[in-house]
Every structure is written in structure tokens, then in C-alpha cells.
Amino acid sequence: MNTPRSFFLMLLLPLCIFTKAQNPVIRNQFTADPTARVFQSKVYLFPSHDIQAPEGKNLRKDWFCMADYHVFSSDNLTDWTDHGVIVSQNGVQWVDSTSYSMWAPDCVERNGKYYFYFPANTKRVDANGRRGFGIGVAIADRPEGPYAALPEPIANVRGIDPCVMIDKDGQAYLYWSQGNIYAAKLKENMTELASEPVILKNLPEKGLKEGPFVFERAGKYYLTFPHVENKIERLEYAMGDNPLGPFKMAGVIMDEAPNGCWTNHHSLVNFKNQWYLFYHQNDLSPRFDKNRSVRADSLFFNADGTIRKVEPTLRGVGLTAASDEIQLDRYSKISDRGVEVNFLDTTSNFKGWKTRFSVRDAWVQYNSVDFGSRSLKSLLVKTTSETGGVLQLRLNRVDGPLLAEIQIPAGKEWKTTKVTVRNLQPGVHHLFAVSKTDAPFEVDWISFQ
Ligand code: FUB
């Protein structure tokens, strides 16, 4: 009897972890340096994987610590699947497996093969006795792996943050950074340089530059990169007519992180005719910015090809199904006073956040909730309040149609209250949650049934 393919897929499923998310998009671990690529009608996310430095390894506690890479995928930018570890420092012959230095990666597809590029400290010391960064390649038949790493890093490349761009004529280019931003042609095999590396010129001279991400759109080449213009990194870009330049500085894609996360690192991707910026901040680790988290926000081009600056949001991208647990703490907008967001459990930030309302008429706006075509009749709200309180839910405006009024029960525990909803309309709508008391209360999530 032939074993059906679905049986093998079922065997694989337990290895995958499924999460739903706004920003940050990955909630089961720290992630940074995201490269998002579209393969087979899905977005695949190749970030680096921050961890806390393990004890007893003689590692700096205040520095990046990265031992392996996971890959994630989504077909709607809301539901993400973690496909598990694809490359680890213990499984690559040339990598110093005590270095925990698996920094920002990239992945591209060519002729049905997936080429995963990653930097790490080499075992071998250079002429100056230093273990610098090499850039390696691991190859797979599917974006989620399994990947087989080549035994040597790419010859003639020293540096970090690889990015590969395959041009319209089929020529592939490798970009990387080491103080400057470098570029070289790749051979057809995608694993060797086909030209001597060149330094890309006309970029800012002062302040660290790293993390190049290059793409082509409407005949223009965009060299985008994090740069320290002031005190910490912001995302900037230059434009040119050729993959190797010359490039001309064109502006800022994203300002410095408001919470001071020192690094930023990004990629741009077009998915279903909308451009997105993937980047990172340190939402799940506000006190230690070497434990970062990937975010995504929509990005738009001006008619002349320049990029509109992206404002980082908590709401992020993708629709939220009305029947999901809608996390108001990932809001689109918030009133000036009377609302704040805190961790649910300060001993375990991965459990997420809650929204605290403390003033009458304080509100939270949560965009793009998909009510589909079903007639949803009730609403569940998970709250806690020592005094009790009143929360109204309104559609599309802070004074829009009233969907429900929830009498929040008093008590020290979290409670889920069910109320009837009215005025619901099919389709995608913005929600407003408005406090109607001065008594403080906290909301974990709301969900329509
Ligand atoms: O993640 C380690 C390093 O931090 C990356 O390689 C840089 O781009 C910066 O994000």
C-alpha cells in the first residue's frame, strides 16, 4: 500500500510551531535582522535568532549571542509557522562553534534550489591572528529545508550581513558589509564570486553602515542599509541605475527606534502587490537591545520612485479575524491619556501584553479586523479590575456605531465576560475600544463569536 504524502506531512507537523501575531511578528523566541522573501506564494522570513548568553561558555553577557537560524512562513502575514532550526553553528564545518556569531542572513531561489547565506566567525585565524567573519552558503530543495551547508565560506569575502540580488538578466550579485558596503558578482553556481569585490561609493563616510539590502523596482536599483547618522541606527537608502552603482543617497526609510534599540536591520518585499518593510526593535526585551524582535509595516513608494518614510506601528500588517483573540495592546492609535500597555507577566515577556484603561473616554483603535460574511452574535472580553468598569466597543470611529457595552466585573482574577453584539457589518473594519469610567481596568483580549 502506498503511504499518502499527507501522512509524511503529518509527521513533520509536530516540528512546526504556529503563532498569530501583529508586531512583533514572532512571539516564541527573539528574532532579528529579518530577510523576507516570497517563495511559492508565501512570505518566508529568514531572521537571525538572538538568545541570552548561556552560562559557562565564557561569553559576554552584554553582546549578541546567536547559535542558529529558524525559518518562518506565512500566507497572510498574520499566521506564522516556525519550521524550526535550519542551520546551526554546530553543523557547519568552517564555523567556530563556540562563537555564537550567526548574524544576519539572506536566502534566494535559483533554478529550484534555495541558497541560504549567513555570516559567522571562522575557525581559522587570518594573517593577523583574528577570527573574522566569513559568509557561508547552505543549500536546500525547499525554503524550509533541510539545508546542507558547504564546508568552506565563500572565498575572497570577509564581512557580515550578506544580501543577494538576482538581476533581470540572471546575473546574481552578493552584497555585504565590513565598515564599508561591498559588492561582487556571483557565479551561476551562487557559491563563488565571479568578480573582485568593490566598495560601493557615495555613501555616508561617518557613522557605521551595515546590513545592505538591494532590490530592483521599475528599472531603478535600491541600496538600502542601516546607518548611524546620529547615535543609533536608522534605515537609509540610495538609488542607482546599475546593481554595482553608482548610487546616490535618496533619504531615510525609518528613523531611529523611539525606545533606543541601537541596531535596526531590514528587508523590503512585495507580497500580493503591497510592499512591506521587515525590520526589528526589541519589544520583548525592552531592557536589553541585543534580544530583538522582528516587525513588519506597510511601505509605499512615491510616483518618482522615492520611498515614503515608514512609521513603526504595533498593529503591523495583515488582517485579524474577528473570531481570533484580538490584542488591543497592538493598537493602531491610542488616546493621548488614560491608556497604557504593560506586559501580562513581567517574569515572562513572551506571554504578551495587556491594555490598561484608567480614565473615562480613553480609547484604543485597532485596525483591519475581518468580520467576513458570517453574522457574529456575541463578544468575549478577558478583563481584570478591582473596582469593575465599563468598556464600549464601537465600529470605525471613536463615536461610531455601538457594537457592545461590557460591564467589567470587579475582582482580582482575570475573567472572561460574554455580551451580545449589535450593529455588526460584514467585511473589514476598524475597532474602537472606549472606557466609560474613571475606574481602572485591564483588557487582555477581545474576540467575536
Ligand atoms: O545581528 C547582529 C548584527 O546586528 C547584524 O549583523 C547587524 O546588521 C546588526 O543588526
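Domain 1 and domain 2 bury about 870 Å² between them, and 61% of that lies on carbon and sulfur atoms. Buried area here is the accessible area, with a 1.4 Å probe, that two parts lose on being put together, summed over both. On the side of domain 1, Q22, R27 and L284 supply 54% of the area buried against domain 2, more than any other three residues.

A word on what we are looking at, friends. This is a predicted model, where local features need pLDDT of at least 70 and side-chain atom pairs count only at pLDDT 80 or more, while totals for chains, interfaces and linings use all residues. Residues are numbered from 1 along each chain as its sequence is written, and side-chain values use heavy atoms, with hydrogens and water left out.

Back to the domains. The assignment, which is automatic or from a database, gives domain 1 as 5-299 and domain 2 as 320-448. Their centres, taken over C-alpha atoms, are 36 Å apart. Domain 1 brings 12 residues to the contact and domain 2 brings nine, with contact meaning heavy atoms within 4.5 Å.

Which side chains meet in a salt bridge? Those of K20 and D324 do, at 3.3 Å from N to O. The count between the two domains is one salt bridge, that is, a side-chain nitrogen of Lys or Arg within 4 Å of a carboxyl oxygen of Asp or Glu.

Now, please turn to the ligand. Around it sit D33, F64, M66, W103, A104, D161, E210, T263, H265, H280 and R292, each with a heavy atom within 4 Å of it. This shell divides into four nonpolar, three polar and four charged residues. Nonpolar covers Ala, Val, Leu, Ile, Met, Phe, Trp, Tyr, Cys and Pro; charged covers Asp, Glu, Lys and Arg; the others, Gly among them, are polar.

A polar side-chain atom of D33 lies 2.5 Å from an oxygen atom of the ligand. For H265 the distance from a polar side-chain atom to a ligand oxygen is 2.7 Å, and for R292 it is also 2.7 Å. Taken alone, the ligand exposes 270 Å², of which the protein buries 99%, by the Shrake-Rupley method with a 1.4 Å probe.

Technical notes:
Polar contact = N/O pair within 3.5 Å; in protein donor to acceptor, adjacent residues only side chain to side chain.
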